[in-house]
There are 2 protein chains.
Amino acid sequence: MSKILRVNMASRNCLFEDVPESLRVLGGRALTSGMVADEVPPTCHPLGANNKLVFAPGLLSGTEAPSSGRLSVGGKSPLTGTIKEANAGGLASQKIARLGLKAIVVEGQPKDDRFWLLRVNKDGASLLPADDLVGKGMYQVDRLLWKQFGRGVAVVGIGPAGEMRLTNAGISVNDRENGPGRYAGRGGLGAVMGAKGIKAIVIDDLGGPGVQPADKRAFREEIKKLSNSLLSHPVTGQALPNYGTAVLINIMNEAGGLPTRNFSSGRFEGAAKVSGEVINELATKVRKGRGKVAHPCHPGCVIKCSNVFPKPNGAYHVACLEYESVWALGPNCGIDNIDQIAELNRICNDVGLDTIDAGATIAVAMEGGLLSFGDGPGAIKLLKEVGKGTPLGRIIGNGTAFTAQAFGVTRVPVVKGQAMPAYDPRAVKGIGVTYATSTMGADHTSGYTIAPEILGVGGKADPFAVSKAELSRNFQATTAYIDSTGYCLFIAFAILDDPKGFEGMYRSVNAMCGIDMTADDVVAYGKRVIKTERSFNEAAGFTKAHDRLPEFMRLEPLPPHNTVFDVTDEELDQVYAFEL
Amino acid sequence: MSKILRVNMASRNCLFEDVPESLRVLGGRALTSGMVADEVPPTCHPLGANNKLVFAPGLLSGTEAPSSGRLSVGGKSPLTGTIKEANAGGLASQKIARLGLKAIVVEGQPKDDRFWLLRVNKDGASLLPADDLVGKGMYQVDRLLWKQFGRGVAVVGIGPAGEMRLTNAGISVNDRENGPGRYAGRGGLGAVMGAKGIKAIVIDDLGGPGVQPADKRAFREEIKKLSNSLLSHPVTGQALPNYGTAVLINIMNEAGGLPTRNFSSGRFEGAAKVSGEVINELATKVRKGRGKVAHPCHPGCVIKCSNVFPKPNGAYHVACLEYESVWALGPNCGIDNIDQIAELNRICNDVGLDTIDAGATIAVAMEGGLLSFGDGPGAIKLLKEVGKGTPLGRIIGNGTAFTAQAFGVTRVPVVKGQAMPAYDPRAVKGIGVTYATSTMGADHTSGYTIAPEILGVGGKADPFAVSKAELSRNFQATTAYIDSTGYCLFIAFAILDDPKGFEGMYRSVNAMCGIDMTADDVVAYGKRVIKTERSFNEAAGFTKAHDRLPEFMRLEPLPPHNTVFDVTDEELDQVYAFEL
């Protein structure tokens with residue numbers, strides 16, 4: 001039977017608890033949000049003793065289900081003040097699950113500023129001094145911990161940004177090559193981990209009990225349906241493995257919705273130079289050596305949208321260059337040099353920053369006059385300040401809204417304090433509805449309407465149409481369910497178009513848990529998760545007034561379409577106008 | 001007939017409008033809050049084109065009424081996100097009123113980063129280039145503008161902090177000696193002025209129409225009653241003129257409610273060295289020369305709580321050393337050297353910072369390890385960074401909450417982003433109720449329950465009793481009325497104890513405006529002002545969850561009484577549970 005591991009950082013006790021029946025069919029995001037809503041006072045200081053940090057594998061993590069190795073991390077966000085779930089691939093989710101753990105909950109706070117290493121294996125859990133890791137970047141931390149605890153262990157850790165409790169600090173998970181680039185990046189949960197005094201968690205599932213579906217035969221059948229669906233869909237079977245998510249650079253640029261130079265244009269003249277196609281070409285042909293595409297972020301992924309990007313000489317540089325990071329650190333800063341972007345990405349991975357907010361932060365600093373748009377070397381120098389802990393580095397490490405305030409910039413592309421991802425809502429209205437209303441702050445992954453609005457997946461929707469509450473609501477609800485299963489959100493591309501795939505998804509969850517949910521139940525499950533999150537946010541002081549895009553996007557037309565964000569407030573307020 | 005002057009910074013037009021009947025009996029805070037609520041979108045960016053900055057003399061400013069020269073400044077606050085009224089003495093209020101102006105409203109935003117000087121005199125209003133003043137501190141600005149426009153003109157201006165739009169920037173008003181130390185300091189309205197591109201406003205009332213009461217004879221009678229009351233009360237007639245507001249240092253220290261070293265104790269071992277008694281002794285006896293007590297902050301004040309504090313050699317150092325500033329820059333930072341405190345105060349006046357938030361900021365920086373508690377020279381060096389515009393200076397200039405976030409400090413004594421003044425709410429519960437619920441963020445002046453809780457003025461209330469909603473509500477309502485009249489809030493000490501004085505106050509307003517309000521109407525007037533402000537805040541996204549003190553004050557007992565803040569949330573929510 002699964003357990004919950006509670007780690008109290010005041011007493012340094014590690015306790016294994018039985019899982020109450022009420023949490024049995026919750027996993028991933030449903031579990032992190034449920035536990036945070038139950039146990040964390042909504043008005044507590046996110047970096048204080050009363051916040052908790054919950055790590056939860058999805059319901060199917062650790063099984064053979066394809067692309068099901070996502071780890072959810074939850075807590076109250078120091079960046080947004082809302083409840084937060086950030087999820088990541090890498091090695092951790094499956095190993096935590098295979099140790100028979102449904103969640104690891106870190107609570108309390110040490111009395112001093114020491115850092116600790118949490119070790120979890122078949123024999124239990126313990127806290128070891130981590131003094132020797134303090135101040136080190138995640139590349140070095142991952143290397144040292146494989147050396148100490150054995151190749152292949154999962155490492156969940158924070159860089160100097162998290163140690164300094166900077167509110168754009170993310171949580172790194174290592175991948176199969178022990179690179180630190182799989183991040184539960186958004187919302188500053190790395191700062192919460194820092195505030196708990198945990199530098200890293202090492203998880204070794206050797207000898208663990210593993211994960212067994214309730215109905216093995218049905219499970220095998222359903223995951224096969226889903227696998228077939230994923231392999232045969234053009235997005236998950238071809239585009240993503242070949243070009244990675246950065247295939248979107250050219251697509252969004254063409255659509256006029258690629259935010260450029262701090263959201264001042266939707267089209268970037270240098271887009272083609274940083275596209276997925278170029279990344280593929282350089283990684284697999286021009287710069288042979290250690291470049292790779294069709295690289296899985298975690299074992300058992302069949303989509304393989306990740307890559308390993310090499311330096312000009314073929315040596316390893318960073319894994320991976322995905323769309324959001326390339327956009328944030330590239331076009332949004334006016335930078336069209338892919339190697340400079342790779343270096344910026346590597347610094348984020350090492351210091352421990354979310355790439356989206358880091359790129360949006362640099363762009364705001366550029367607008368504030370600290371450096372010029374397009375100045376790649378200047379951006380690299382600026383981002384390195386974070387790891388040094390200088391006052392400037394602390395400003396940058398606290399993210400976009402903070403940096404804007406420091407330098408008097410009023411064009412600030414954030415919602416609830418979190419920077420917008422790589423789709424300008426003035427050119428794609430539905431994603432703007434998601435940004436505005438998501439329980440997480442501006443977040444594309446919480447309701448990815450880009451699928452129908454731009455990619456023609458799951459139907460077609462006019463990106464400029466303004467009635468998008470229902471579309472966003474449906475995506476947000478289904479997403480909340482998927483985020484609870486351990487399945488990667490990218491399975492949505494296939495299952496939106498293929499009923500067999502959709503069936504394979506939710507019926508595999510049924511077979512796993514010994515339940516019998518219908519397709520309608522999937523949406524209801526997701527809505528319950530969102531309601532839970534929304535109630536937390538309301539108690540923390542959030543209202544409709546926070547479900548709004550920044551003022552400048554209503555006033556300033558975006559080239560080339562020269563449109564503003566004109567979805568009405570009433571339409572935005574319809575997103576959550578549902579009963580359960 | 002009075003006019004409203006509207007200055008549009010986009011077009012650089014200055015327009016004089018008639019006053020609509022609906023605004024006729026509104027002045028000071030009632031007028032700034034009313035106009036901001038009517039004209040500013042609650043969710044706008046405070047530093048964007050849609051915010052407005054309203055300067056309004058009180059209803060009686062410019063008359064012979066005693067201590068009636070307070071100027072209200074209003075807008076949406078970039079520090080708190082709420083509506084804001086900050087008020088100041090100095091020369092401006094009376095001169096604006098005597099020019100026949102009920103308010104000056106600055107709106108829009110220049111297209112570039114140039115700064116302007118607004119000149120207002122009997123011939124009208126005009127905007128002059130202020131390029132030569134940019135970057136200059138307020139001491140120099142005041143000197144230059146008297147030289148250019150004549151001795152005695154009123155100067156309302158911002159230092160480099162406001163130019164940089166730092167959210168702890170205040171707005172300076174000069175006094176009779178042309179010192180810049182009369183600040184509409186709280187809430188960052190200096191940043192709004194900076195965002196409007198106005199460096200200074202020069203007001204010359206020579207040849208203006210003056211201010212005439214509707215019923216001159218009744219007016220003369222009523223203000224005489226009030227004057228007598230002020231001169232005969234021990235607080236306004238003796239304590240304040242002799243020792244200034246800093247008379248409270250010893251009193252609050254004795255009460256165990258003088259926040260010390262970032263609100264970690266209520267008693268400071270060095271309090272006696274920085275008390276009002278010491279200031280008096282040094283200013284009037286030990287260091288003769290340019291020291292003064294019983295100094296009025298504006299002409300016609302009979303309370304004269306201000307002072308001029310000299311350097312050890314007798315030369316002018318700063319005016320004035322008042323309680324909040326001495327506390328914030330002294331005991332709250334563990335600093336017991338009065339000359340270091342005076343220097344810190346002078347830097348605030350020059351660079352253009354609110355002293356309360358500046359002191360709370362330094363204390364938080366001390367807690368964050370940047371320097372040690374008690375390190376006066378270090379604090380002076382740190383505060384000087386603000387004027388230089390370094391990254392560290394920009395952190396400090398953005399105030400307490402911002403600095404805490406930069407350096408990972410979680411003991412942050414703010415409400416709605418604004419730092420608490422000089423009374424620890426764990427030792428004086430009523431003032432905590434005011435801090436929590438004020439429409440302005442933590443603000444003692446919006447409901448000064450210290451009068452009955454500590455001073456025994458207006459009755460006696462046990463500071464540790466937790467049923468304080470009604471007390472705070474009554475103080476908040478009456479205060480909102482007084483803040484609208486131009487009368488200094490300190491008249492409250494006398495009129496709370498003396499019904500004749502109270503009568504003189506509101507009947508002088510009646511005589512001025514030709515109205516016939518009763519004592520009950522006074523409270524209703526104040527409640528209407530608060531309701532207006534509260535509605536703005538609600539539309540901006542504020543809820544009950546924001547009407548709370550910081551978490552640490554509920555958890556961490558305050559020596560020497562070792563009490564926490566234990567007023568219930570239900571009690572706090574009773575403050576606004578009134579109908580009109």
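## A walk through a predicted two-chain model

Let's start in chain B, where three strands form an open sheet in the order S13-S14-S15, with antiparallel pairing. Strand S13 (292–295) and strand S15 (316–318) of chain B sit at the edges with a single partner strand each, so one side of each has no neighbour in the sheet. On average, and ignoring direction, neighbouring strands here are turned by 35 degrees against each other. Bear in mind throughout that this is a predicted model.

Zooming in on one pair, S13(B) and strand S14 (residues 306–310) of chain B run in the antiparallel sense and are joined over two bridges. In that pairing, B:Lys292 stands opposite B:Val308 in S14(B). Which helices pack on this sheet? Helix H9 of chain B touches S13 and S14 of chain B, while helix H11 of chain B touches S14 and S15 of chain B. Here is how they lie:

| Helix | Residues | Strands touched | Angle |
|---|---|---|---|
| H9 of chain B | 276–286 | S13 and S14 of chain B | about 65 degrees with S14(B) |
| H11 of chain B | 338–351 | S14 and S15 of chain B | about 75 degrees with S15(B) |

On the H11(A) side the contact is made by A:Gln340, A:Glu343, A:Leu344, A:Ile347 and A:Val351, and the H13(A) side includes A:Ala379, A:Ile380 and A:Leu383. Sorted by class, the residues of this contact come out as seven nonpolar, three polar and two charged.

Stepping back, chain A splits into domain 1 (3–203), domain 2 (240–423) and domain 3 (425–497 + 518–580). The C-alpha centres of domain 2 and domain 3 of chain A are 23 Å apart, and their contact takes 24 residues from domain 2 and 23 residues from domain 3. Helix H8 (248–254), strand S16 (414–415) and strand S17 (418–419) of chain A each put at least two residues into the domain 2 side. That side has 15 nonpolar, six polar and three charged residues.

Chain A also has an open sheet of six strands, ordered S8-S7-S12-S9-S10-S11 with mixed pairing. Its edge strands are S8 (124–129) and S11 (182–184) of chain A, each pairing on one side only. The twist from one strand to the next averages 20 degrees. Strands S9 (residues 154–157) and S10 (residues 171–173) of chain A pair in the antiparallel sense over two bridges, and A:Gly157 stands opposite A:Ser172 in S10(A). Lying across S9, S10 and strand S12 (198–203) of chain A is helix H3 (residues 138–149), which runs at about 140 degrees to S9(A).

So how do the two chains meet? The contact takes 28 residues from chain A and 28 residues from chain B. On chain A's side, helix H14 (391–397) and helix H15 (400–406) are the elements giving two or more residues, with H14(A) giving the most, at four residues. By class, chain A's side has 12 nonpolar, 12 polar and four charged residues.

Note on methods
Residues numbered from 1 in each chain as written. Chains lettered and ligands numbered in written order. Predicted model: local features only at pLDDT ≥ 70, side-chain atom pairs only at ≥ 80, totals over all residues. Pairing = 2+ DSSP bridges. Axes fitted to C-alpha atoms, helices over the stretch in contact; angles between N-to-C directions. Contact = placed C-beta atoms within 7 Å. Domains from an automatic or database assignment. Nonpolar A, V, L, I, M, F, W, Y, C, P; charged D, E, K, R; others polar.
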